[in-house]
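Colleague: I am new to this structure, and I would like to go through the terms used for it one by one. Could you take me through them?

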2 protein chains.
Amino acid sequence: MKHNYLNNLPLDEAKKVYFGHLEKVGFKAKTETVRVTDACGKIIKNAAYAHICSPHYNASAMDGVAVKASDTFEASERTPVTLTPDKYTVVDTGDPIPDGCDAVIMVEDLIDKENDCYEIIASVYPWQNVRQVGEDICMGDMIAPSGTVLTPSLCGALLAGGITEIEVIKTPVVGIIPTGDEIVEPTDSPEKGDIIEFNSTVFKGMLKNLNSSVKVYPITPDKKDLIKAAVEKALSECDIVLVSAGSSAGRDDYTSEIIASLGTVLVHGIAIKPGKPAVLGEALGKPVIGLPGYPVSAIVIMDEIVSQAIDQYYGKAIVSKPTVKAVLAKKTVSSLKYSEYVRVTLGRINGKLIASPLARGAGVITSFTKADGVLIVPQNCEGIETGEDVEIRLLRPINEIENTLVVTGSHDPLIDEVADFLAKRKAPFRVCSTHVGSMGAIYAVRDGLAHMGGIHLLDTETGVYNKSYVEKYIPDGSAVAVKGVGRVQGLMVKKGNPLGIKEFSDIQNVRYVNRQKGAGTRILCDYLIEKNGMNADKINGYRNEEFTHTAVAALIAAGNADAGLGISSAAKMYDLDFIPICNETYEFLIDKNYLNDPAVKQFLDVLYSEEFKARLSEMGGYV
Amino acid sequence: MKHNYLNNLPLDEAKKVYFGHLEKVGFKAKTETVRVTDACGKIIKNAAYAHICSPHYNASAMDGVAVKASDTFEASERTPVTLTPDKYTVVDTGDPIPDGCDAVIMVEDLIDKENDCYEIIASVYPWQNVRQVGEDICMGDMIAPSGTVLTPSLCGALLAGGITEIEVIKTPVVGIIPTGDEIVEPTDSPEKGDIIEFNSTVFKGMLKNLNSSVKVYPITPDKKDLIKAAVEKALSECDIVLVSAGSSAGRDDYTSEIIASLGTVLVHGIAIKPGKPAVLGEALGKPVIGLPGYPVSAIVIMDEIVSQAIDQYYGKAIVSKPTVKAVLAKKTVSSLKYSEYVRVTLGRINGKLIASPLARGAGVITSFTKADGVLIVPQNCEGIETGEDVEIRLLRPINEIENTLVVTGSHDPLIDEVADFLAKRKAPFRVCSTHVGSMGAIYAVRDGLAHMGGIHLLDTETGVYNKSYVEKYIPDGSAVAVKGVGRVQGLMVKKGNPLGIKEFSDIQNVRYVNRQKGAGTRILCDYLIEKNGMNADKINGYRNEEFTHTAVAALIAAGNADAGLGISSAAKMYDLDFIPICNETYEFLIDKNYLNDPAVKQFLDVLYSEEFKARLSEMGGYV
């Protein structure tokens, strides 16, 4: 097997090397001349000076009559002046002031008289009610300096100043070449081993937000000559070329070699995680960048490197991305080998902005979908403790984040359903839910890391759910459990129950899939193990832990496991057989300070509504 | 003359009437199904649930070999295990795990042996280095609730979840019909009386920012039947129709009548300034809105009414626009008849965010071009005092505003030129300059309303510029005048000097155009009047005041006046003859706290640079 060499350059150094090189080879914007009527949002190359004045003639500012001001000087209530038709010209707003006139009397001040005469009882002074030449813009005035982004009103001002065409930065064209033998176009029925090519769609959206236009080339198989030909074609058509996947050092990772053959590879491997196996190269004076195949890694490289290449093209000053201060909800360990990009959700609870780390896998696109921000753990740092102040790079506008109901706890699909009902009702907030199990809810709500969370914790001594746990862990009453739903727990097994599983003790003989520690369902599992006198160590798969009911169901459906505990609605979703074991009380634990919060109240209002009950009965397994 | 009736409804009431009616007639979004690969930025109609799991098969997370984990359990440094070719399958990242295997050993952990065997010295546990089915997304999971805006990563998650097409809100089509006999397409050489049609370009830009697509119809003359036909055509092609101009009650203002004939006029006239003469109507269940002709009035209606109509179409909750608290720099008087929209610039000076009102004319598009925000003076308020705390609706991102060098004082085109040089140097701040004259600079810098400002104040007793003024008005030394430029002041007269003006005293016999009180040039004018024993009251045009050198030059070039005092560069711009009168010392007064501010230092660095001197000599009149 081939082991290609990968660098591990710190990001700052990689940027310095790469962007320094791009500058040296003269990578920068092209310009084009466009009509000002189509130029909104574009960046002008040079300062724009007005060609003409606006108004470019003396214009009436009112509907009325134009006069010579000196003809009106005598007018007063006692000595009205009569204007004969030879002394005035009727003008509408915007009409030119006729030669010889220098003022306008507004229509409301004219008294109709015979023979088309008007009487006036007040004088006007020279240039009264007249928009004189240049009132808005004077010929020669600078309307906007170099590099200005044209706003709608600036486009208006340019046109008013007689500028009809203008030189602007040409929108850069970024070419994306998806590569890989296993990559297929988006489909709802991929074959085993097919990888759905969605990265180029993510890049396309990001590039659109970076004011670029995008060419997505056809998927190219892992053949060196084909990829090289695709890169050469893209180089002839685009300003920046991205090669998606193949940037690592595996058997079929050709990107680095190909770029080297066409130009120069400046960096191969950056000390960031995710994002390490990026190739930063240049050919024909243009950036050619090899992106990692994992979507999250690629997004980080897009954000750090590609976006800066586009800024360099546009000649923008490097502006640091917007950040906020927050409190870290959970200890985050990191390697000294990398600077690590941890995706987090954000929410304000009891005055503090709380950052909760999300899943860290490079393949987990949903960690970016759900993320409100990114915590960058520096390379020289082994980790950050719970409760420490951290700086979070924002991925979402702060006002959306401020209006977030944070629901952290036991997984149930009903939480997403409530969020959907709230969205349909145009609730002025969003729901951010994360699944950390029932005990996770207790800690999160108690410690001010969530507004509320679902719990279903069986007290095995009394058979009563939740109450004793809340009393034990939150003795000060700072959080309260309120009514949720009843639901059925049971064993999920493959359709038709091929292994003939009848009761919980039968899992001893099959491949089990478990839930994580602290989950209500895990506590139930452990209780059933004890009650049945079983030995956890003997259960095949006891240590195979998942975080949601659907994840457990998915693994049973896929054949990775034969049985797992979960709720009926998950079994139904995956067309699994379901062996009911018990009914349980799923409640919501709520921070007392938020019991009357409008968002919490709306959440419960949906939950208790008749239309939501109808939805629950559709989903099945709620009692 | 016709006086049509205009209401004067308060804005809130007008909105209630109008949007209530639109809701009643069922005005809302259409939807369409689009490919997810093209859906970034769109809003989904319904909640999106994953069709398949992602990964949809058990995939290798590494380059390496797939094995049965139990085959490795014995491996340790002391007891290495040899994997014969029948015990492993070579896999790359993303490859499916073959049946019978349940773990991957990474390539780095394999020791090459003879006969294609590998040795390992550590075990792997079941599912290690495998991305199990559903690791990222489980089939049936909600990927996003109703009404979500699709971000790039959400589009990726949808595709990963096997969703290739999705129902989204169709982008609304807004039709713009420019009307008016005097209106012409953008040109750099309009005839007298022609009004350049730039409003539709402003609207188009604003609508693009509001996620609408735009159809601009040809200019329609002021003929009722033609405008009616244009509205009918637009109604058949668009979701919202805007009629530009003709919304007032003048001779040719037909919009209200036409909408009434096709549907219903709900509001004609809103108690806001600018923006009063708007027509809010409905036909065929669609909004038909008559916009005022003055650009600033129209922008206010776009911002308040049209944007809300689009939000109503999209079904968005009404979100209040972002605001900041600021300190008002200048007393602002307002009428009890209207709620008034005062455009302001913003800048942070000595810790305070200062809001300085801009020109208030409804025709002054540059007041929006320059504006950083809008101060809304409520209808029941007669005005707001200098120094009061005010709430400003932001028109620009706050970080741009925070990075603003506020230059307030005497007008000289060189300030714009410095700003342009700074932009070319990619200075990380912008320059916001306003022209309030030299005395205005003294007050603004002294009172903490500006970082710096240009001054050229002649002490008529000593003949020395600036020094005595600064000492008198800023005795505590909290501001310092630093070197600027020398420049030539003189009389500007029409090319060829047709009236034979030779010296200042000749202005007694011609039409003069003056500068505003407090301007250095005005002080020079008054000094020359006194020195020449002239009588200001006898000077025709002494009260005709302009705020800039170019405005004075423009009026002389247009023939509104015969002579005016100003600087040589302005005369050159307008091809006027120039009669030099004196050389003056134009300096910059700087708040002492900002003498070492990087922005101020860069400003001066440009000003004193050789390349800038070259630019000044091009402009002419600097010594």
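Modeller: Let us begin with strand β35 (residues 563–567) of chain B, which is mostly covered, five of its five residues being buried. This is a predicted model, in which local features need pLDDT of at least 70 and side-chain atom pairs count only at pLDDT 80 or more, while totals for chains, interfaces and linings use all residues. Residues are numbered from 1 along each chain as its sequence is written, and chains are lettered from A and ligands numbered from 1 in the order in which they are written.

Colleague: What makes the residues on both faces of β35(B) count as buried?

Modeller: A residue is called buried if 20 or more other C-beta atoms, placed from the backbone, lie within 10 Å of its own, exposed if 12 or fewer do, and partly exposed in between. Ala563(B), Leu565(B) and Ile567(B) on one side are buried, as are Gly564(B) and Gly566(B) on the other, so both faces are covered.

Colleague: How do you know that β32 of chain B and β35(B) are joined?

Modeller: Two strands pair if DSSP finds at least two bridges between them, and strands themselves are DSSP runs of E with at least two residues, whereas helices are runs of H or I with at least four, both numbered from the N terminus. Strand β32 (residues 479–493) of chain B has five bridges to β35(B), therefore the two pair, and they run antiparallel. Met492(B) stands opposite Gly564(B) in β35(B).

Colleague: Why are β16 and β18 of chain A said to stand at the edges?

Modeller: In chain A, six strands form an open sheet of mixed pairing, in the order β16-β13-β17-β21-β20-β18. Within this sheet β16 (213–216) and β18 (264–268) of chain A each have a single partner strand, so one side of each lacks a neighbour there. Strand β13 (residues 173–178) of chain A pairs with β16(A) in the parallel sense over four bridges, and in β16(A) the bridge partner of Ile176(A) is Val216(A).

Colleague: What makes the relation between chain A and chain B that of a two-fold axis?

Modeller: The copies are superposed by least squares on the C-alpha atoms of residues with pLDDT of at least 70 in both. Chain B can be laid on chain A with an RMSD of 0.2 Å by a turn of 180° and a shift of 0.0 Å along the axis, which means that the relation is that of a two-fold axis. In chain B, the C-alpha nearest the axis belongs to Pro397(B), 5.8 Å from it.
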